[in-house]
Amino acid sequence: MNIIRLAGLAAVLVVALLFAVFVGDQGPWYFAWVVGTVMIILISGAGAILLDAQDESTSEKEI
């Protein structure tokens with residue numbers, strides 16, 4: 001199992017290095033874009049979970 005995990009991490013490292021070489025000077029822009037996209041997804045998901053929890057707590061109080 002550890003060898004499979006190590007091989008997977010090595011493959012991710014190779015892909016990341018190739019991506020960094022190909023994008024060159026635009027690397028920081030792409031990095032910021034990827035991080036920003038992930039943050040938007042995580043924040044909107046957390047907001048949806050909080051809204052659902054608030055909706056459930058108010059519907060329980062009404063009953």
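Author: A residue is called buried when its relative accessible area is under 20%, exposed when that area is over 50%, and partly exposed in between, with a 1.4 Å probe and protein chains only as cover. This is a predicted model, in which local features need pLDDT of at least 70 and side-chain atom pairs count only at pLDDT 80 or more, while totals for chains, interfaces and linings use all residues. Residues are numbered from 1 along each chain as its sequence is written, and side-chain values use heavy atoms, with hydrogens and water left out.

Reader: What makes Phe 19 and Tyr 30 an edge-to-face aromatic pair?

Author: Rings of Phe, Tyr and Trp (for Trp, the six-membered ring) pair if their centres lie within 6.5 Å, and planes under 30 degrees apart count as stacked, over 60 as edge-to-face and the rest as tilted. The structure holds two aromatic pairs. In one of them, Phe 19 and Tyr 30 lie 6.0 Å apart, centre to centre, with 70° between the planes, and the pair is therefore edge-to-face. This pair links distant parts of the chain, with Phe 19 in helix H1 (residues 2-23) and Tyr 30 in helix H2, eleven residues apart. Trp 29 and Tyr 30 also form an edge-to-face pair, at 5.1 Å centre to centre and 85° between the planes.

Reader: How do you know that the span of H1 agrees with its number of residues?

Author: Helices (H or I, at least four residues) and strands (E, at least two) are DSSP runs, numbered from the N terminus, and the expected span of a helix is 1.5 Å times one less than its number of residues. For the 22 residues of H1 this should give 32 Å, and the end C-alpha atoms of H1 are 32 Å apart, so the two agree. H1 is hardly covered, with a count of one buried residue among its 22 residues, and is followed by Gly 24, whose phi is positive, near 60°.

Reader: Why is the protein said to be more spread out than a compact globule?

Author: The secondary structure of the protein comes to two helices and zero strands. The radius of gyration, 20 Å, is well over the 11 Å that the globule rule gives for 63 residues, so the protein is more spread out than a compact globule; the radius is taken over C-alpha atoms, and the rule is 2.2 Å times the number of residues to the power 0.38. The C-alpha atoms fill a box of roughly 60 × 35 × 10 Å along the principal axes, and of the 63 residues 3% count as buried.
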